[in-house]
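Hi,

Here is the structure I said I'd pass on. Have a look, and my notes follow below.

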Amino acid sequence: SLSQLRVDSHIISTGKIAKAELKAAKGIAGDALWGLWPETLTHDSLDALKKEGGDFFILSTVDTPAEVLAGEELGRLVTIPVDFPEELGHSLEEFPVDAVILVGLEEVSPLSVRDLMRVRSMRDLISKPLLLLRSHPLNRGEIVVLQDVGVQGIVLDLRTMKVEDAVQMQEAIEKLPPHKIKRDRA
């Protein structure tokens with residue numbers, strides 16, 4: 001049961017934004033923040049999302065029409081592959097989105113040092129919140145090192161992850177010590 005899992009927001013993945021998806025998403029989220037992660041986005045579909053009370057949307061690709069970034073009413077997140085070119089990565093800092101979801105490591109288990117280096121490389125390019133998409137659970141050690149390299153949130157794909165695994169991850173995250181700010185050393 002999803003009632004075991006305490007979430008900050010609900011993300012509903014969909015092909016395109018339609019009335020049926022909007023009503024279903026609103027029903028699932030209840031009083032929590034909610035948004036859609038559509039494959040196809042248009043300015044009109046975002047108007048429908050606003051009218052239905054949605055809080056945010058996620059750009060599935062940087063090839064989405066730029067007009068969807070106009071307006072301030074909805075939160076905007078963008079998915080970026082872990083191997084996103086550095087020259088484009090620098091543009092994310094001033095890009096009109098609120099957070100970045102790093103994709104491409106959803107099923108990697110266990111995470112390698114190389115994977116962490118790739119995450120940290122993206123973290124070095126931006127100061128916006130960096131979230132990591134996961135469809136497989138992370139163990140406590142992986143969660144600790146992800147915090148150390150600057151990941152500020154984890155987006156769980158509950159279509160593939162067991163709720164019990166998500167609950168265990170949540171408990172591990174809640175037991176993390178506060179993130180230490182590292183000072184430069186001479």
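Helices (H or I, at least four residues) and strands (E, at least two) are DSSP runs, numbered from the N terminus. This is a predicted model, so local features need pLDDT of at least 70 and side-chain atom pairs count only at pLDDT 80 or more, while totals for chains, interfaces and linings use all residues. Residues are numbered from 1 along each chain as its sequence is written, and side-chain values use heavy atoms, with hydrogens and water left out.

Helix H1 (residues 19–29) buries Leu22, Ala25 and Ala29. These cover an arc of only 65 degrees around the axis (taken from the directions from the helix axis to the C-beta atoms), which puts them on the same side of H1. On the other side, Lys19, Ala20, Lys23 and Gly27 are exposed. The buried residues pack against strand E1 (9–16), strand E2 (33–40) and helix H2 (43–51), contact being heavy atoms within 4.5 Å. After H1 comes Gly30, with a positive phi near 60 degrees.

Now the sheet: 7 strands form an open, parallel one in the order E1-E2-E3-E4-E5-E6-E7, where pairing takes at least two DSSP bridges between two strands. E1 and strand E7 (153–156) are the edge strands, each pairing on one side only. Strand E5 (residues 99–103) and strand E6 (residues 130–134) pair in the parallel sense over 3 bridges, and Leu102 stands opposite Leu132 in E6.

Cheers

Terms used
Buried means under 20% relative accessible area, exposed over 50%, partly exposed in between (1.4 Å probe, protein chains only).
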